[in-house]
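The structure is shown next.

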Amino acid sequence: MKYKQFDIVFNSDIQPKGIFDGFTSFCEDNYIAFNIVSPKDQIIVAKDTLYLTLDDATLITIVKQAKQNQFQIAKDIGIIAYNDSPLKEIIADGITSISTDFFEMGKTLAEIILLGKKRIVENKISVTLRNSI
């Protein structure tokens, strides 16, 4: 791993606990140093850190701070963002993203409603690698 730490910017008031649990479990299982950063705190970008951002405002804050500190994205810091969008294709020459398949999620939800059957469904997740890690 080229980064010394993996940080997530997580707002427990609005973001699902499952993301937090999955992130901490992944880091612990793989012996990766990590930190949970609240967006309520001032985010201070540190060299040799990989950031997982869950919203675009946080993503922009991290990119701006990297630029101000003259950190090179993918070399000095890394960024992974949740939920791919056209913004992530162009900002900072491309941000790697983790995204659920919203079309498939909607289709599955419609089937559940129409059939009236409760079930637990694991939705597909994809990673789009770009120039940020």
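This is a predicted model: local features need pLDDT of at least 70, side-chain atom pairs count only at pLDDT 80 or more; totals for chains, interfaces and linings use all residues.

Two strands pair if DSSP finds at least two bridges between them.

**Strands around E1**

Strand E1 covers residues 5–9. Five bridges connect E1 with E3, and the two strands run parallel. Within this pairing, Gln5 has Thr49 of E3 as its bridge partner. E1 is also joined to E2, by four bridges and again in a parallel arrangement. Here Ile8 has Ile36 of E2 as its bridge partner. Four of the five residues of E1 are buried, so the strand is mostly covered, buried meaning under 20% relative accessible area. Together with helix H1, which spans residues 17–29, strands E1 and E2 form a β-α-β unit of the right-handed kind.

**Salt bridges**

Side chains of opposite charge can pair when their charged atoms come close. The structure contains six salt bridges.

| Asp48 | Lys4 | 3.9 Å |

The salt bridge of Asp48 with Lys4 has its closest N and O atoms 3.9 Å apart. This pair links distant parts of the chain, 44 residues apart: Asp48 sits in the loop between E2 (34–37) and E3 (49–53), and Lys4 in the segment before E1. Asp48 is partly exposed, at a relative accessible area of 26%. Lys4 has a relative accessibility of 66% and counts as exposed.

Asp76 is buried, with a relative accessible area of 10%, and Lys47 is partly exposed, with a value of 46%.

Asp56 is in helix H2 and Lys88 in helix H3 (residues 86–90), so placed that the pair links distant parts of the chain, 32 residues apart. Asp56 counts as partly exposed at 32% relative accessibility.

**Lys88 and its surroundings**

Is Lys88 buried or exposed? Its relative accessibility is 3%, so Lys88 counts as buried. The side chain of Lys88 makes a polar contact of 2.7 Å with the side chain of Asp56. Not counting residues up to four places away in sequence, Lys88 touches a set of residues including Asp56, Leu59, Tyr82, Ile95 and Arg130.

Helix H4 consists of 14 residues, 102–115, and spans 20 Å from its first C-alpha to its last, close to the 20 Å expected at 1.5 Å a residue. At the start of H4, a side-chain oxygen of Asp101 comes to within 3.2 Å of the backbone nitrogen of Phe103. Gly116 follows H4 and has a positive phi, near 65 degrees.

Ile120 lies in the loop between H4 and strand E6 (125–128). With 87% relative accessibility, Ile120 counts as exposed. From C-alpha to C-alpha, Ile120 is 40 Å from Lys64 in space, and the two are 56 residues apart in sequence.

Most residues other than glycine have a negative phi. Which value does phi take at Ala74? Phi of Ala74 is positive, near 85 degrees. Ala74 is located in the loop between H2 and E4, and at 15% relative accessibility Ala74 counts as buried.

Ala92 also has a positive phi, near 50 degrees, in a residue other than glycine. The loop between H3 and strand E5 (96–100) holds Ala92. Ala92 is partly exposed, with a relative accessible area of 28%.

Technical notes
Residues are numbered from 1 along each chain as its sequence is written. Side-chain values use heavy atoms; hydrogens and water are left out. A salt bridge is a side-chain nitrogen of Lys or Arg within 4 Å of a carboxyl oxygen of Asp or Glu. Buried means under 20% relative accessible area, exposed over 50%, partly exposed in between (1.4 Å probe, protein chains only). The expected span of a helix is 1.5 Å times one less than its number of residues. A polar contact is a pair of N or O atoms within 3.5 Å; within protein, one must be able to donate a hydrogen and the other to accept it, and residues adjacent in sequence count only if both atoms are side-chain atoms. A crossover is right-handed if, with the strands pointing away from the viewer, the path from the first strand over the helix to the second runs clockwise. Contact means heavy atoms within 4.5 Å.
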